[in-house]
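Thanks for coming, everyone. I have one structure to show today. Let me put it on the screen.

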Amino acid sequence: MNNKNFLWGGALAAHQFEGGWNEGGKGPSVVDVMTAGAHGVARQITDTIESDKFYPNHTAIDFYHHYKEDIKLFAELGLKCLRTSIAWTRIYPNGDELEPNEAGLQFYDDVFDELIANGIEPVITLSHFEIPLHLAKKYGGFKNRKMVDFFERFAITCFKRYQHKVKYWMTFNEINNQMDTSNPIFFWTNSGVQVAAGEDPKQVLYQVAHYELLASAKAVIAGKKINPDFQIGCMISHVPIYPYSCHPDDIMAAEIAMRQRFFFPDVHVRGYYPNYALKEFEREGYQLDITEEDLAILKQGTVDYIGFSYYMSTVVKANVTNDNQGNIVNGALPNSVANIYIKSSDWGWPIDPVGLRYVLNELYDRYQLPLFIVENGFGAIDEPDQHHHIEDTARIDYLGQHIKAMLTAIDYDGVDVIGYTAWGIIDVVSFTTGEMKKRYGVIYVDRDNQGNGSMKRYKKASFNWYHDVIKTNGKNIK
Ligand code: BG6
């Protein structure tokens with residue numbers, strides 16, 4: 001790859017690493033009332049913060065007080081960019097204030113200045129599962145149209161304040177997670193929504209989706225007015241869905257299932273609802289609040305690039321449910337079955353580097369927009385030896401295979417890729433399980449699932465490995 005400006009980086013999200021959950025005037029977010037779970041054990045959403053419960057995101061890895069030390073390590077690693085998010089509740093602690101919280105704004109000024117002074121470009125997600133708790137409780141989250149204005153105000157505040165420090169933005173992280181309406185966590189973290197008894201989750205989903213797509217489009221329009229050089233993208237979780245076989249029914253099952261992946265980017269990129277969605281609304285009799293004015297805004301506020309996460313692929317088979325197959329895989333659809341050709345991580349996430357080349361081609365063919373791989377990584381248990389050394393060969397192997405697949409997509413297939421940011425570049429609290437032991441970092445943090453540990457940082461073997469990948473622009477991957 002000859003692109004000298006390729007954005008090699010690391011990815012993080014405020015709630016998973018900052019800590020300082022109630023410092024500097026920060027208000028609680030939807031994640032601040034989530035307890036820890038484990039593989040196969042769901043995190044609980046509590047009504048308030050209960051004193052006898054452990055909330056792993058409250059302290060996380062305490063970047064809030066370690067940011068200078070951590071950024072020094074990121075610079076030593078050679079990162080060209082750091083993708084992180086701005087915690088909405090640092091800027092608007094409740095979400096519906098008219099004036100922002102200056103201490104919160106100043107915190108990100110300090111962090112961005114430190115990054116830039118170290119040659120690292122901040123790449124920013126506006127909403128990464130951090131909706132103010134107050135907005136979820138008082139307004140029902142994105143079930144409510146008022147959220148569009150609250151988000152737009154937050155976005156404009158950030159755009160104005162950081163317009164000379166940040167060029168690449170994303171509106172909503174993994175906005176499409178919530179298509180899996182069977183998992184209440186995704187509705188809560190994406191949108192601050194809890195589905196009430198008697199509500200049809202699918203209808204709620206499409207209304208919520210519309211308000212978020214509208215909020216995203218309004219942010220794009222406002223951002224471009226503030227700085228026309230901004231690059232504002234969407235962010236989707238892209239888990240390709242393969243057909244189980246070449247049986248035409250399996251092919252069609254996969255085609256239809258993939259609409260769950262494409263629905264959000266179809267609107268973000270094209271600026272209008274795809275026919276398969278309009279047909280579904282009509283078929284199901286969904287009465288959605290979508291105005292003509294909204295549709296004009298969607299058309300105007302299309303994104304500049306597609307940011308996406310890639311961790312795994314999945315498989316569907318026609319006419320089965322995964323329950324009767326006994327093969328439930330993560331990111332599952334009702335008719336998901338295991339892929340017999342690939343292995344999975346300890347958390348059951350299928351490992352499929354070829355799938356990354358496949359999705360890069362698929363997304364580029366469909367949208368013809370630059371792509372940014374803003375998350376990819378391997379969650380695993382790391383065991384330090386007595387010298388605090390961690391030989392994380394499985395992680396090196398995972399990252400290496402995926403980066404090679406990306407380079408093939410760039411060099412052989414001609415896909416336009418802006419950058420690659422490895423997820424959880426420093427160990428963070430896992431999103432789905434709330435655990436510390438599901439580690440992704442090339443930097444180890446001494447902290448365990450119960451919140452014990454010295455918080456000291458140690459370089460893993462993957463640190464030097466990733467350093468060389470960046471230095472050689474991906475040429476010497478072993
Ligand atoms: C993505 C999220 O879903 O995957 C991150 O954007 C998350 O926030 C990452 O941490 C990995 O998931 P997990 O559950 O292993 O932390």
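This is a predicted model: local features need pLDDT of at least 70, side-chain atom pairs count only at pLDDT 80 or more; totals for chains, interfaces and linings use all residues.

Start with helix H15, residues 393–411. How far apart are its end C-alpha atoms? They are 26 Å apart. At 1.5 Å a residue, its 19 residues should span 27 Å, so the two values agree.

Now look at what is buried in H15. The list includes Arg-395, Tyr-398, His-402 and Met-406. Gly-400 and Ile-410 are buried in H15 too. What covers these buried residues? The cover includes strands E1 (7–11), E10 (371–375) and E11 (417–423). It also includes helices H14 (353–367) and H16 (461–471).

Met-406 turns up again in the largest nonpolar core, which has 154 residues. Met-406 is among those with the most contacts inside that core, along with Phe-74, Trp-169, Phe-263, Ile-425 and Tyr-466. Helix H8, residues 201–226, gives the largest share of this core, 14 residues.

Take Phe-263. Beyond its neighbours within four places in sequence, Phe-263 contacts Met-179, Tyr-206, Ala-209 and Leu-213, among others. Its partners also include Tyr-273, Pro-274 and Phe-281.

Last, the second largest pocket. It holds about 260 Å³ of space. Of its 14 lining residues, Ala-254, Glu-255, Met-258, Phe-262 and Glu-362 lie nearest the centre. Strand E6 (241–243) and helices H9 (248–257), H10 (259–270) and H14 each supply at least two lining residues. What classes line this pocket? Ten nonpolar, four charged and no polar residues.

Notes: Residues are numbered from 1 along each chain as its sequence is written. Side-chain values use heavy atoms; hydrogens and water are left out. Helices (H or I, at least four residues) and strands (E, at least two) are DSSP runs, numbered from the N terminus. The expected span of a helix is 1.5 Å times one less than its number of residues. Buried means under 20% relative accessible area, exposed over 50%, partly exposed in between (1.4 Å probe, protein chains only). Contact means heavy atoms within 4.5 Å. A nonpolar core is a set of buried Ala, Val, Leu, Ile, Met, Phe, Trp, Tyr and Cys residues joined through side-chain atoms within 4.5 Å. On a 1 Å grid over the protein atoms alone, a cavity is a set of points where a 1.4 Å probe fits but cannot get out, and a pocket is an open set with protein on both sides within 12 Å along at least five of seven lines; lining residues have an atom within 4 Å of a point. Grid points are joined across faces, edges and corners, and a volume is the space filled by probe spheres set on the points. Ala, Val, Leu, Ile, Met, Phe, Trp, Tyr, Cys and Pro count as nonpolar, Asp, Glu, Lys and Arg as charged, and the others, Gly among them, as polar.
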